[in-house]
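Work through these exercises with the structure in view. Try each task before reading its solution.

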Amino acid sequence: MMEGKRNRKEDLRLIFRFKSITIPKDLTKEEQEKYLREMYKRKKELHEKLGALTFRKIVLKLEKLKFKGMKKIIPNFMTYYEKICDFNTKRKVRKAKSSEEVEGIEYHNKIAKLKTKKEWNKEENRNYHIDARHPVQLINYLKWNKRVHQKGLKKDFLFLSLFTLGSCYSLPFMVPLLVVAGVSTLIDLECINLQEHSIAEYEICKPLLIKKEKRDSLKRSQEYQEAKKIVGEATLENRKILTVEEVVGSIKTKEQAVQLREWAISMQKRNQAQKDQNKILVK
């Protein structure tokens with residue numbers, strides 16, 4: 001009986017207060033890492049029991065519908081998005097106090113547009129998919145997404161309290177509003193549960209992901225040097241994300257043209273392989 005209570009208490013700590021888990025100090029560094037991975041494995045299994053995998057399938061299906069719907073309703077979304085980014089960037093630049101701050105603002109603007117364009121083309125939200133080129137970055141998006149839903153959950157509880165109080169006084173329209181707030185609460189809870197599961201999954205694979213990113217980065221730096229050189233120089237010169245026509249217009253030699261074509265083909269194959277892998281994971 002006491003053992004069952006102890007296990008339930010431990011499970012609750014793994015779900016809600018993982019940072020309070022203490023690693024035995026008498027273990028070696030390798031043993032401590034192994035101990036921590038075991039804790040993450042247990043945490044992952046607990047979140048699966050709470051429906052993380054089922055909810056992930058729903059999220060990925062909705063993601064596909066979202067991108068398909070947006071491309072039909074707002075086919076020029078990226079044009080509008082980039083204009084909004086540029087407008088906000090100009091506003092921030094006017095308030096900047098140094099050239100370093102200006103460079104930082106412009107850099108973040110360029111990265112935001114580049115990553116959103118990548119999402120738009122691949123039809124994959126970076127909060128739920130590992131970037132094959134930068135897999136270690138996933139943890140930042142997972143934690144950010146989790147914080148967003150935690151804030152949403154606080155608002156949900158506030159509205160639930162208000163609508164419950166209103167329904168007690170028989171105020172009109174309170175019951176439908178209470179239902180909406182209840183559904184919103186469940187969605188935020190499941191989103192947090194999914195992010196916690198994904199974070200645990202990431203931490204289990206973290207050493208392998210770090211090694212893979214370093215190995216792939218080294219390999220990429222040695223490939224298609226001429227092609228990357230013209231894209232990098234043209235991007236720095238124009239200080240913006242280049243179109244295909246602008247990249248092609250920057251080609252100066254036959255070797256650059258050949259490398260650029262091979263690079264584009266390799267990127268296309270890599271993206272397709274990543275999509276196929278995601279389909280397998282969803283199944």
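**Exercise 1. Is phenylalanine 163 buried or exposed, and how is its ring paired?**

Step 1. Phenylalanine 163 has 17% relative accessibility, so it counts as buried. Buried means under 20% relative accessible area, exposed means over 50%, and partly exposed lies in between (1.4 Å probe, protein chains only).

Step 2. This is a predicted model: local features need pLDDT of at least 70, side-chain atom pairs count only at pLDDT 80 or more, and totals for chains, interfaces and linings use all residues. Residues are numbered from 1 along each chain as its sequence is written, and side-chain values use heavy atoms, with hydrogens and water left out.

Step 3. The structure holds 4 aromatic pairs. In one of them, phenylalanine 159 and phenylalanine 163 are stacked, with 5.8 Å centre to centre and 15° between the planes. Rings of Phe, Tyr and Trp (its six-membered ring) pair if their centres lie within 6.5 Å; planes under 30 degrees apart count as stacked, over 60 as edge-to-face and the rest as tilted.

Step 4. The two residues are 4 apart in helix H6, so about one helical turn separates phenylalanine 159 from phenylalanine 163. Helices are DSSP runs (H or I, at least four residues), numbered from the N terminus.

Step 5. Phenylalanine 159 is partly exposed, at 40% relative accessible area.

**Exercise 2. Which residues gather in the patch of positive charge?**

Step 1. They are Lys19, Lys143, Arg147, Lys151, Lys154, Lys155 and Lys206, on the surface. Patch residues have over 30% relative accessible area and no salt bridge, and like charges are joined within 9 Å. A salt bridge is a side-chain nitrogen of Lys or Arg within 4 Å of a carboxyl oxygen of Asp or Glu.

Step 2. Helix H6 (residues 138-168) gives the largest share, 5 residues.

Step 3. Lysine 19 sits in the loop between helix H1 (2-16) and helix H2 (29-49). Its relative accessibility is 87%, so lysine 19 counts as exposed.

**Exercise 3. Where is lysine 43, and is it buried or exposed?**

Step 1. Lysine 43 lies in helix H2.

Step 2. Lysine 43 is buried, because its relative accessibility is 2%.

Step 3. From lysine 43 to leucine 12 is 31 residues in sequence and 9.4 Å in space, C-alpha to C-alpha.

**Exercise 4. What is phi of glutamate 123 near?**

Step 1. Phi of glutamate 123 is near 60°, a positive value in a residue other than glycine. Most residues other than glycine have a negative phi.

Step 2. Glutamate 123 is in the loop between helix H5 (99-122) and H6.

Notes. Patch = residues over 30% accessible without salt bridge, like charges linked within 9 Å, V, L, I, M, F, W, Y side chains within 5 Å. Areas by Shrake-Rupley, 256 points an atom, 1.4 Å probe, with all protein chains shown as cover. Lys, Arg positive; Asp, Glu negative; His and termini not counted. Charge placed at Lys NZ, Arg CZ, Asp CG, Glu CD.
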